[in-house]
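Please keep the sequence and the structure in view while reading.

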Amino acid sequence: MVWVPLLLVACVVAGVGCARLCRATLAAARPAHGAAPAAGAPELTVGEAAYLAGGPLRVTDLTLVSMHRERRLLLARTGWATVVDADACAGDELERAVIGALGPQGQAPIPAVRPLVAATDSVHLLAERLVARGLAVSAAGRREVAAGLRVVRAGFLLSLVLGTVSTLLVPAAERAPVLAGFALPLLASGLCLLIGRIEVYPYTRWASPAGQRLLAALSAADPLTALATRGPAVLEPELRAALRGSARPGLSGRRPRK
């Protein structure tokens, strides 16, 4: 019966992981303390929808594409962003953040610009407002859910390894109860991972259940709203290539001319 202690270890680890993930998911679904009821909140702006659907980088992509369509910024297929008219770029805080990220020359590779804009205070303030309204999951909530998923994944792998070792330690005629015993932690961890994959990612990574309902009510008829909710896949190939940054930043010969 040497396999029994190994089974107990696998069951404890799997149970702790599943309990932690469930607790983290429920905590992330609850509005933050002091949050205003989402039912009384106004409709989402396109920037708020972008954050709830894809986080800070989606907000950055939306701002870049919006400025490009208004001919205030050029997004070249080679992966460079260039200010077209600096005098016409006195827009909101996000647009000013883009201009600041482009530097004094008004030109920079888009892969370098995106994380700089995503980390600005304007994006953080947008996230805090959504969390305060109960529409977004807080950063602490996202970290806890991610940690719960890691623990469940580790529990699944540990159960698999211990089950394999236990099976090899007993005679072939006695392996049936071993397999049946380790099936419990494996099944529990596997179901938690499956549910977490469906329910947690990508939907609740940024948006709370209230935020998800508002996102589901949005129409994607407007191109910017479609970008906010569905991502760069809805863009034309030239803009998709620009956001991916197909050019190597070191190749100055590929920079678009002003």
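## Asp61 in helix H2

Asp61 is located in helix H2. The model is a predicted one, and in it the relative accessibility of Asp61 is 3%. Asp61 therefore counts as buried, since that term applies to values under 20%.

Which residues does Asp61 touch, leaving aside its neighbours within four places in sequence? Contacts of this kind are made with Arg114, Leu227, Pro232 and Leu243.

Helix H9 comprises residues 209-216, and Ala210, Gly211 and Leu215 are buried in it. Seen down the axis of H9, these buried residues fall within an arc of 140°, so they line one face of the helix.

Against which elements do the buried residues of H9 pack? Their partners are helix H2 (46-69) and helix H10 (223-230). Arg213 and Ala216, on the other side of H9, are exposed.

Arg71 belongs to the loop between H2 and strand S1, the latter spanning residues 73-75. Its relative accessibility is 70%. Arg71 therefore counts as exposed, as the value is over 50%.

The backbone of Arg71 also deserves attention. Most residues other than glycine have a negative phi. Arg71 is not glycine, yet its phi is positive, near 60°.

## A nonpolar surface patch

Which residues form a nonpolar patch on the surface? The patch consists of Val2, Val161, Val165 and Leu169, and together these have about 340 Å² of accessible area. One of them, Val2, lies in the segment before helix H1, which covers residues 3-29.

## Cysteines

How many disulfides does a search of the whole structure find? The search finds zero. Cys22, for example, is in no disulfide: the nearest cysteine sulfur belongs to Cys192 and is 4.9 Å away.

Are Cys11 and Cys22 buried, exposed or partly exposed? Cys11 has a relative accessible area of 29% and is partly exposed. Cys22, at 40% relative accessibility, also counts as partly exposed. Both values lie between the limits of 20% and 50%, which is why this term applies.

Methods:
Residues are numbered from 1 along each chain as its sequence is written. This is a predicted model: local features need pLDDT of at least 70, side-chain atom pairs count only at pLDDT 80 or more; totals for chains, interfaces and linings use all residues. Side-chain values use heavy atoms; hydrogens and water are left out. A disulfide is a pair of cysteine sulfur atoms within 2.5 Å. Buried means under 20% relative accessible area, exposed over 50%, partly exposed in between (1.4 Å probe, protein chains only). Patches are made of residues with over 30% relative accessible area and no salt bridge: like charges are joined within 9 Å, nonpolar side chains (Val, Leu, Ile, Met, Phe, Trp, Tyr) within 5 Å. Accessible areas come from the Shrake-Rupley method with a 1.4 Å probe; for residues, only the protein chains shown count as cover. A salt bridge is a side-chain nitrogen of Lys or Arg within 4 Å of a carboxyl oxygen of Asp or Glu. Helices (H or I, at least four residues) and strands (E, at least two) are DSSP runs, numbered from the N terminus. The arc is that of the directions from the helix axis to the C-beta atoms. Contact means heavy atoms within 4.5 Å.
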